[in-house]
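Morning, everyone. Please bring up the model on your screens, and we will walk through it together.

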Amino acid sequence: MKYYRTHVLVCADPECIKRGAHEVIDSLQDELVAQGLIDEVQVLETSRIGGCSDGPEMVVYPEGVHYSGLTPDDMPYIVEEHLLKGRIAKKFVVPDVPFTDEELRAPSAKEVRIVLKNCGQIDPENIEDYLAVDGYMALAKVLTEMTPDEVIDTVTRSGLRGRGGAGFSVGKKWQITRNVQDWPKYLTCNADEGDPGAFMNRRVLEGDPHSVIEGMIISAYAIGASYGYVYCRAEYPIAVRTLNIAIQQARALGLLGENILGSGFSYDMEVRMGAGAFVCGEETALIASVEGKRGEPRPRPPFPAVKGVWSKPTNNNNVESYANVPQIILGGPDWYASFGTEKSKGTKTFALAGDVKRSGLVEVPLGISLRDLVYDVGGGIKDDKGYKAIQIGGPMGGCLPIEYLDLPVDYESLTSAGAMMGSGGVVVMDDETCMVDIARYFMDFTQDESCGKCTPCRVGTRRILEILNRICAGEGKDGDIETLEMLCREIKATSLCGLGQGAPNPVESTLKHFRHEYEAHIYEKRCPSKVCRALIRYEILTDICTGCTVCARNCPTNAITGERRKPHVIDPDTCVRCGICMQVCNFNAIEIR
Amino acid sequence: MAVLTPVAISTNDPLQMPEKKVVIDQILEKNRNTPGAVMLVLNELQSQIGFVSPAMQEYVALNLRVPVSTVHGVVSFYSFFVTTPRGRHTIKFCMGTACYVGGMPQLIDKAKQVLGVDVGQTTPDGNVTLEICRCVGACSQAPVIVIDEELHGRVRPNKLPQLTKKIQS
């Protein structure tokens with residue numbers, strides 16, 4: 001391995017690429033060649049470094065200086081000042097605290113990074129970087145020192161539970177698949193991260209793909225599997241590319257293929273791409289899709305552990321579950337179990353999004369309270385508005401109101417509160433969010449993504465959506481709430497797979513915690529949060545309006561009239577309540593009634 | 001193996017264009033013996049040809065030796081496969097939760113106004129197709145639109161015309 005005096009890590013997250021990260025890298029490299037530094041300074045592409053809010057950004061090591069807001073034209077200056085003369089280019093340094101490892105590893109004292117530990121620290125497209133941070137050490141330990149039973153015992157004792165949301169013990173699952181007397185056995189890795197608002201798996205696959213591959217090889221050894229499939233959704237092309245590069249590199253070093261590390265154990269794997277079907281995150285549907293069929297779930301049993309891919313025993317885990325495994329092997333089960341609660345051990349990554357100040361990826365020990373997650377780790381509500389609800393667990397999860405802020409985040413607590421862990425998407429909603437509209441949004445999603453195989457899910461979700469559409473349109477009637485409750489109960493009890501069984505959750509949880517909003521829509525024909533278009537009216541405050549005509553020019557239906565420099569008026573009959581006028585008004589002269 | 005061809009193919013089908021036919025045959029040849037080839041082949045056809053016409057579905061079925069109903073079943077199941085050509089450019093509107101809460105409905109209204117077509121439609125000149133898509137996983141940038149392959153975050157309705165101008169010319 002070649003040595004360099006300085007390493008420059010440039011963020012090649014999709015968001016930074018969009019802002020020109022590749023151009024910055026090209027310019028940086030040209031300049032390094034021009035200054036004769038190309039053999040002393042290594043430029044690496046890495047996954048997200050900071051918030052990406054002002055990318056492209058980079059970190060220069062060993063100093064650990066974090067620059068952002070870069071353009072290709074800035075590169076000569078940075079190369080000359082920092083890399084040649086050793087002076088920090090202050091004007092590009094990220095404001096507030098200087099960038100250090102601590103900030104990246106633990107932006108909040110409450111975070112513990114195990115799965116995300118390498119993301120943003122190493123070059124995901126270079127296996128040597130992963131090897132340098134003890135990569136594949138766990139695999140070597142497993143293959144040379146441990147029997148498959150010892151591996152399963154270690155994972156079981158760590159308390160690791162399925163990170164895809166269901167929370168089944170990973171060790172037990174492996175044991176079941178190991179015990180089945182039928183070969184060959186297969187592995188599948190669920191990278192079909194379809195929950196809107198979740199992007200943890202994408203980040204791990206893009207930033208540290210080898211951790212997933214290593215976890216899968218260890219799992220294959222424990223179970224006796226000979227081939228694996230990573231099923232990745234088509235919306236994540238960069239993750240697929242990174243993973244394919246990583247698999248090739250691992251194969252080139254003999255970490256995949258025949259006789260791995262001379263142990264006599266053989267295993268290989270490939271990536272299969274989805275094609276935009278949410279239901280393929282369900283394990284039996286995923287298996288059908290890997291086989292090239294329609295991604296429809298089937299009744300269990302037989303479980304995939306008995307009949308999975310090509311009707312052979314198959315172990316299916318989520319990206320994050322596999323990525324935890326190498327760390328558990330290296331750190332030991334007791335170390336891993338020291339994080340978390342009695343029944344939910346370890347850490348979990350969450351994607352914080354919505355109306356939260358510091359949105360992004362976090363990894364916290366299980367058992368942290370929602371309050372700490374939103375206000376401490378997430379920095380609180382954007383624009384210091386009021387907290388209304390937290391939506392956790394994706395479209396199968398639930399909305400929890402302010403009373404639940406002190407709820408510990410673990411599998412059992414969330415389920416008993418009517419939400420669920422899910423894959424880890426957390427959307428924070430401020431007090432300008434209408435909960436009926438949110439329930440409608442999720443039903444729109446699930447009814448569209450219902451595969452149609454079983455009737456309760458296919459027809460039931462449709463019926464719920466129709467009722468919610470009516471309520472939001474101001475045509476709700478007495479009895480709607482009761483009908484919704486009945487539908488929710490029955491869909492839950494009779495659907496074939498997790499999608500249908502979980503689909504009513506957003507409606508049930510909002511009915512439970514925000515019933516008054518439903519009642520306001522139905523009986524008072526009023527949307528308390530001023531979101532539902534049929535129930536609101538836009539008006540121009542005549543004493544504030546300056547007659548600048550911006551609203552009239554932007555109105556899609558020409559509903560706004562008025563003379564220049566005189567107050568304008570909105571015609572409520574022509575207005576479609578799109579809200580564009582309110583967004584473009586520079587004087588806050590438009591109000592919702 | 002002899003190449004099998006469906007009976008009736010319209011004259012503007014990719015199968016009638018020699019340069020595209022070559023690509024289709026290569027994709028079929030490469031995956032012919034891979035287990036679960038239907039999805040692999042369709043994914044590659046979708047990305048390289050841009051759509052999978054009914055004649056192409058029949059052609060795939062004949063050459064992979066599976067019923068046409070199987071191929072059509074897969075095509076119609078997954079939202080990524082389309083059966084008619086799209087515009088030269090596509091604008092995808094992310095309908096993830098964060099984007100929805102972040103004002104995507106207003107953004108879509110604006111796009112309809114600017115381009116004069118509804119979601120799912122293509123402008124009459126065949127230039128731009130508007131599409132809704134599932135969460136692209138860039139939630140911290142919400143609301144997000146994807147123009148061709150390029151991601152644009154924190155898009156406000158009044159900034160949209162600037163973005164679409166680039167692909168409208």
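Which residues are buried in α9(A)? Here they are: A:Met200, A:Asn201, A:Arg202, A:Arg203, A:Val204, A:Leu205, A:Glu206 and A:Gly207. Buried has a cut-off: 20 or more other C-beta atoms within 10 Å of the residue's own, with C-beta atoms placed from the backbone. Helices here are DSSP runs of H or I, at least four residues, and strands are runs of E, at least two, numbered from the N terminus. Helix α9 of chain A covers residues 200-207, and eight of the eight are buried, so the rest of the structure largely encloses it. What do they pack against? The partners are β5, α10, α11 (237-252), α13 (319-331), β9 and β10 (360-365) of chain A.

Some ground rules. This is a predicted model: local features need pLDDT of at least 70, side-chain atom pairs count only at pLDDT 80 or more, and totals for chains, interfaces and linings use all residues. Residues are numbered from 1 along each chain as its sequence is written, while chains are lettered from A and ligands numbered from 1 in the order in which they are written.

Now the whole chain. Chain A has 24 helices and 17 strands. Its radius of gyration is 26 Å, close to the 25 Å from the globule rule for 593 residues, so chain A is as compact as a globular protein of that length. That radius is taken over C-alpha atoms, and the rule is 2.2 Å times the number of residues to the power 0.38. Buried residues make up 55% of the 593.

Next, a sheet. Four strands of chain A form an open sheet, ordered β7-β6-β5-β8, with parallel pairing. Two strands pair if DSSP finds at least two bridges between them. At the edges sit β7 (268-273) and β8 (314-318) of chain A, each pairing on one side only. Strand β5 (residues 185-191) of chain A joins β8(A) over five bridges. There, A:Thr188 stands opposite A:Asn316 in β8(A).

Last, the partner chain. How many residues of chain A are in contact with chain B? The count is 42, against 39 residues of chain B. Contact means C-beta atoms, placed from the backbone, within 7 Å. Among the elements of chain A that each supply at least two residues to that side are α1 (14-18) and α12 (283-290).

Key. Two residues are in contact if their C-beta atoms, placed from the backbone, lie within 7 Å. A residue is buried if 20 or more other C-beta atoms lie within 10 Å of its own, exposed if 12 or fewer, and partly exposed in between; C-beta atoms are placed from the backbone.
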